[in-house]
Amino acid sequence: MKNLFVKLLSISMALGAITLTSCDSEDPDPITGGTTEVMENLEAGILNGTLTEDFSLSATTTYSLTGQFIIDDGATLNIPAGTKILADNGGTDVYIATLIGGKININGSAGNPVIMSSADGNPGDWGGLTLCGKATTTAGVDATAEVGGFIYGGTDDSDSSGIIRYLQISGTGAQINSESQYNGVSFYAVGSGTLVDNIAVINGDDDGVEFFGGTVEVTNLYLENNSDDAIDWTEGWNGSITNAYISNTVAGFSTVFEGDKDNGNPEFNNITAVSTVGGTALQFKKTSGGTIDGLSLVGYDVDLDMKDGGAVSNVTFIDGYTPVAFASDEDQLATGEYFYALNTTVVANTTAEDFPWVSSDISFESSLLQGAVTGNVTLDASISYVLNSSYIVQDGGKLTIPAGTKITARDGGTGVYIAVLQGGEIDIQGTATNPVVISSASASPGDWGGLTICGNATTTAGVDATAEVGGFIYGGTNDADNSGSVTYLVLKGTGAQINSESQYNGISLYAVGSGTTLENISVINGDDDGIEFFGGTASVTNIYLENNSDDAVDWTEGWNGTITNTYISHTVAGFSTAFEGDKDNGNPKFVNVTAISTVGGTALQFKKTSGATITDLYLSGYDTNIDMKDDGPLANVIIEGAAATTTDAYNTGTQVDISTWTWKNASL
């Protein structure tokens with residue numbers, strides 16, 4: 001047996017925002033991006049939406065399948081040898097489908113197969129691949145598929161839906177409803193003009209391949225541990241399969257073959273099936289059948305099951321098998337469910353060794369970061385990463401970034417950011433000599449989003465509040481909540497504009513708890529705030545903030561943590577403030593604050609009833625030192641043990657010594 005193990009080193013997939021289309025009334029209508037959005041996604045390494053024009057993927061990019069990706073009538077998707085597509089664990093919301101008139105050309109090779117898999121390759125993680133054609137089916141013309149609600153079926157038995165060569169697909173079979181699931185590859189009325197050669201389907205939670213009518217022929221098929229049927233067909237499919245190796249090592253599967261409904265007499269040549277867990281090999285329902293030439297069955301409890309008492313003569317064994325009927329009890333005889341033993345052993349020529357290109361250790365190693373972190377993911381400091389899209393640590397996930405790691409953020413605005421959701425953790429392990437650097441190439445303000453962390457600490461916004469960035473949920477009742485550790489981190493070029501009211505910050509801390517470690521952080525050239533706290537109890541030690549266009553430090557919603565050693569530099573005119581406190585006063589504390597401006601501006605601003613306690617404050621070069629924006633009480637702002645005044649120069653504190661902070665301006 002070839003056990004699939006998918007090693008996810010540095011890439012996961014983005015959250016799917018696209019929903020499934022199905023004929024089931026409970027399923028939502030499809031949401032598809034416009035042509036421009038879909039093409040931009042493709043250029044960014046993301047498969048999502050509906051493709052309406054020809055496009056060729058690149059084997060040098062590992063693609064994230066983040067939702068439904070549909071190839072429309074008239075469009076062709078070309079997938080070159082060696083391409084890897086990583087599917088989100090999104091169940092029925094994640095699949096690839098080719099509609100009638102569309103084409104997919106998968107041009108893998110024995111040395112470089114095309115890989116489609118979820119991160120772990122576990123059964124049911126995602127939908128799979130569906131092709132819809134114009135060939136005949138007993139379901140009629142323009143029938144509706146059980147998966148996706150797609151239209152299929154016509155009168156052209158020579159129709160072509162493209163090419164599939166050397167494809168390994170794993171972790172499919174997502175459950176649609178109690179009656180239906182996706183298959184590894186579903187062929188809906190696919191015609192004989194479609195070339196299908198060398199397919200491996202591993203760990204599917206439903207069928208490996210299923211044919212719904214049509215005339216397509218398949219050569220060289222490897223099927224391992226598909227939970228329902230390895231090969232399933234219905235609606236009068238009358239194509240063929242030549243050379244198949246089927247392995248069942250997990251108990252509870254359905255069958256090797258399942259034929260159903262009308263008999264189109266498909267042909268099967270040179271089939272080997274091996275089970276270590278018993279089970280049923282060949283099952284035929286209703287009046288289905290087929291012609292089998294070259295068959296080897298090893299380890300099955302039942303060789304042949306005429307499920308509904310159909311005529312055994314519908315199944316022709318060219319190699320001379322003689323079915324011998326038996327039933328395990330009278331009830332089975334009464335219902336017409338007959339089991340058979342095949343009394344001649346014929347060894348087919350197909351073995352597992354005929355499929356050396358089927359890998360038992362698929363690696364998605366890549367320098368591209370995008371998608372969802374659902375388990376433990378550790379980056380490699382020797383790799384120069386590209387943050388290509390959103391990279392989101394899910395509840396239960398953990399992202400570890402070792403010392404010296406450098407990540408170049410694509411100049412993609414709000415579509416490029418790192419986020420840690422409630423229950424997720426980030427562990428940034430920089431050091432003074434090897435900080436972690438995340439920056440756009442030019443480090444220009446607004447190039448990308450920044451880092452957002454969402455926790456379960458208290459906030460005046462309440463429990464399960466919605467963040468202005470990303471729409472993430474934050475806020476709870478655990479002030480000691482731990483979202484991980486961030487040490488020696490340099491961020492540059494953040495602050496992408498969300499809308500007229502909101503922008504990303506360098507670091508956004510949403511209800512982050514005191515169990516989170518935040519030390520030695522530098523945010524430079526942000527187009528909004530350097531760091532902003534939305535409630536919570538998080539504290540920070542040693543933070544360097546240079547030329548952030550809005551506020552260097554911003555807080556709201558009752559944040560009541562502490563920042564020790566803050567150094568703020570303003571050399572670009574037009575910024576907002578060094579500090580901006582807003583709304584309810586959680587009385588956060590600041591110990592050792594130095595803020596220096598060469599371009600005037602406002603130093604400390606407090607809105608509504610906000611305030612803080614500040615000790616060892618040094619301000620220089622600002623036009624206004626203290627601004628009570630909404631005439632809040634100065635008594636809420638305690639500086640050096642006394643209520644603030646609007647006239648004090650506040651230049652007697654000891655400046656924060658950053659001479660040893662050699663890490664603060666590290667570059668890519």
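In the second largest pocket of this predicted model, strand β45 makes the greatest contribution to the lining, supplying 4 residues, where strands are DSSP runs of E of at least two residues and helices are runs of H or I of at least four residues, both numbered from the N terminus. Because the model is predicted, local features require a pLDDT of at least 70 and side-chain atom pairs are counted only at pLDDT 80 or more, whereas totals for chains, interfaces and linings draw on all residues. Residue numbers start from 1 along each chain as its sequence is written, and side-chain values rest on heavy atoms, with hydrogens and water left out.

The second largest pocket holds about 290 Å³ of space. A pocket is here an open set of points on a 1 Å grid over the protein atoms alone, where a 1.4 Å probe fits, with protein on both sides within 12 Å along at least five of seven lines, and its lining residues have an atom within 4 Å of a point; points are joined across faces, edges and corners, and the volume is the space filled by probe spheres set on them. Of the 19 lining residues, E468, E532, F534, D554 and E580 are the closest to the pocket centre. At least two lining residues come from each of β43 (531-534) and β45 (551-556). By class, the lining comprises 13 charged residues (Asp, Glu, Lys and Arg), 4 polar and 2 nonpolar ones, the nonpolar class being Ala, Val, Leu, Ile, Met, Phe, Trp, Tyr, Cys and Pro, and the polar class the others, Gly among them.

The protein chain contains 53 strands and 2 helices, and 59% of its 668 residues are buried, that is, under 20% relative accessible area with a 1.4 Å probe and protein chains only. Of the contacts (heavy atoms within 4.5 Å) with a separation of 6 or more, 67% join residues 24 or more positions apart.

Strand β15 (residues 195-202) is mostly covered, with 7 of its 8 residues buried. It pairs in the parallel sense over 7 bridges with β13 (residues 162-170), pairing requiring at least two DSSP bridges between two strands, and I164 stands opposite V196 in β15. A parallel pairing over 7 bridges also joins β15 to β17 (residues 217-224), in which E217 is the bridge partner of L195.

Within helix α1 (residues 35-43) lies N41, which counts as buried because its relative accessibility is 19%. Neighbours within four places in sequence aside, N41 is in contact with I46 and N48.

Methods
Buried means under 20% relative accessible area, exposed over 50%, partly exposed in between (1.4 Å probe, protein chains only).
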